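Dear colleague,

Please find below the structure that I am passing on to you.

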Amino acid sequence: MKDKTIQLAIVLLTVLGGLFIQSLFTTAQHCNNRYKIENAFFENSKHAVEKYDGIRRRSLLKPLKLSTNTYDDDVLSAGNSIIPTKENATLLMLVRNFELSGALKSMRSLEDRFNRDYHYDWVFLNDLPFTQEFMEATTAMASGNTHYALIPSEDWDRPNWIDEQLFEDRLELLRDRGVLYGGSKSYRNMCRFNSGYFFRQKILDSYDYYFRVEPDVEYFCDFPYDPFKLMRHNKKKYGFVISLYEYEDTITTLWDTVEEYLDTFPDDVAMVNNSYNFITDSGIIGKFSPIIDSNTDYNLCHFWSNFEIGDLNFFRSDRYKRFFDFLDSKGGFHYERWGDAPVHSIAVSLLLNRDEIIHFDELGYFHAPFSTCPTSYYLRLQQRCQCDAQAASNIDISPNSCLMRWWKNGDGKRFLKDNQTN
Ligand SMILES: Nc1nc2c(ncn2[C@@H]2O[C@H](COP(=O)(O)OP(=O)(O)OP(=O)(O)O)[C@@H](O)[C@H]2O)c(=O)[nH]1
Ligand SMILES: [Mg+2]
């Protein structure tokens with residue numbers, strides 16, 4: 001009996017010992033595998049750090065940027081104490097008090113991606129007085145000075161020569177058709193103001209360039225240069241990032257009016273080098289036909305004006321004012337719903353030389369529902385872009401986009417040209 005117990009104990013100990021040794025072996029193997037994996041991670045990350053830090057450190061454009069989403073002066077001063085020379089330019093936002101949170105979001109994005117290195121002024125325009133809360137919060141968010149102006153009623157409100165009955169009838173018509181903002185009176189004031197009055201505001205008199213910013217937009221990439229500087233050095237007068245087709249219902253008689261204008265002021269149009277073909281070309285482009293069949297020669301292409309960088313002196317010119325006044329006299333801003341985007345786009349396409357318009361193809365941008373994101377993987381890395389070039393919202397080479405028409409009929413593709421940042 002005693003022998004049997006001893007034998008059982010030996011068997012038990014042998015089994016337990018075996019299990020223990022096996023588990024020791026498994027743990028050792030596991031550690032070894034983890035070590036190998038970690039080693040590989042380490043090698044990979046070392047490689048990435050060397051490669052991309054190298055790219056960033058060698059960048060001649062600007063010093064290495066700290067890995068922080070802030071433009072606090074103290075934090076920045078470590079690597080970035082020199083503020084580059086500035087152009088005579090301002091960031092410009094037309095906005096309502098209740099849009100404060102969207103305004104701050106856009107400001108934060110643009111400050112982080114661009115303005116924290118430059119401290120350009122911000123100018124805010126409103127048809128109603130800004131609240132103290134709005135001014136305090138936006139001033140706190142800005143790295144440059146902030147200025148606020150109340151738009152005079154004569155620059156904003158419906159002119160008294162508009163036929164009120166006709167206006168109400170047309171408003172109802174577009175509302176019933178389900179046209180976006182078709183029934184909105186204030187939207188019409190806004191579009192007319194942005195077409196013909198923003199550049200006449202006293203507060204902008206001392207500036208040469210503006211960069212239009214809207215609430216709730218996002219800039220996806222670090223700006224690789226100062227776009228104002230690039231515009232002045234390269235004699236650009238209008239810059240855009242997205243181009244697409246307009247809803248024809250909002251501009252039924254716009255093109256007829258433009259043709260009448262062309263007959264009335266033929267000398268105003270820079271016939272030789274303009275971008276007339278960009279706004280009238282309606283052939284198949286790439287694999288796409290125009291998505292909207294236009295009833296006129298205007299193909300409905302326009303630069304999306306919620307992002308625009310422009311030369312104020314162009315808009316202040318007699319030629320532009322003649323163009324706007326002619327259009328305005330027809331009442332289409334109110335009887336239809338002419339947008340500032342097609343109006344600006346047709347004006348710059350007719351009145352400027354092709355090479356005075358610039359497509360900023362490396363500044364990623366989002367305004368619902370569309371975005372643009374640089375296609376180049378290395379450019380996205382170098383500019384620390386946070387965007388997906390394959391995202392469904394990315395419009396660049398999609399049937400909704402007029403960009404390919406710009407490549408064909410406008411100033412061509414920028415990356416094929418000389419370095420224009422000098
Ligand atoms: N002060 C003021 N600003 C306005 C008014 N209506 C629009 N805006 C501003 O004008 C710009 C264009 O208006 P949005 O409502 O963004 O028009 P949109 O870009 O065509 O359309 P969504 O952005 O899709 O609404 C924005 O900067 C608005 O803040 C208004 O009645 N008063
Ligand atoms: Mg908008």
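In what follows, a residue is taken to be near a molecule if its C-beta atom, placed from the backbone, lies within 6 Å of it. Please bear in mind that this is a predicted model.

By that criterion, the surroundings of ligand 1 consist of Leu94, Val95, Arg96, Glu99, Asn126, Asp127, Ser186, Met190, Glu214, Pro215, Asn306 and Ala368. Five residues of this shell are nonpolar, three are polar and four are charged.

Turning to the sheet, three strands form an open arrangement in the order β5-β11-β12, and their pairing is antiparallel. Because β5 (218-219) and β12 (370-372) are at the edges with a single partner strand each, one side of each has no neighbour in the sheet. Strand β11 (residues 365-367) is joined to β5 by two bridges, and Glu218 has Phe366 as its bridge partner in β11.

Finally, the largest nonpolar core contains 84 residues, and Met93, Phe220, Ile242, Ala347 and Tyr365 have the most contacts inside it. Helix α14 (residues 340-351) contributes the most to this core, with seven residues. Leaving aside residues up to four places away in sequence, Met93 touches Ala103, Trp122, Phe124, Val213 and Glu214.

With kind regards

Notes: Residues numbered from 1 in each chain as written. Chains lettered and ligands numbered in written order. Predicted model: local features only at pLDDT ≥ 70, side-chain atom pairs only at ≥ 80, totals over all residues. Nonpolar A, V, L, I, M, F, W, Y, C, P; charged D, E, K, R; others polar. Pairing = 2+ DSSP bridges. Helix = DSSP H or I, 4+ residues; strand = E, 2+ residues; numbered from the N terminus. Core = buried A, V, L, I, M, F, W, Y, C linked by C-beta atoms within 7 Å. Buried ≥ 20, exposed ≤ 12 C-beta atoms within 10 Å, placed from the backbone. Contact = placed C-beta atoms within 7 Å.
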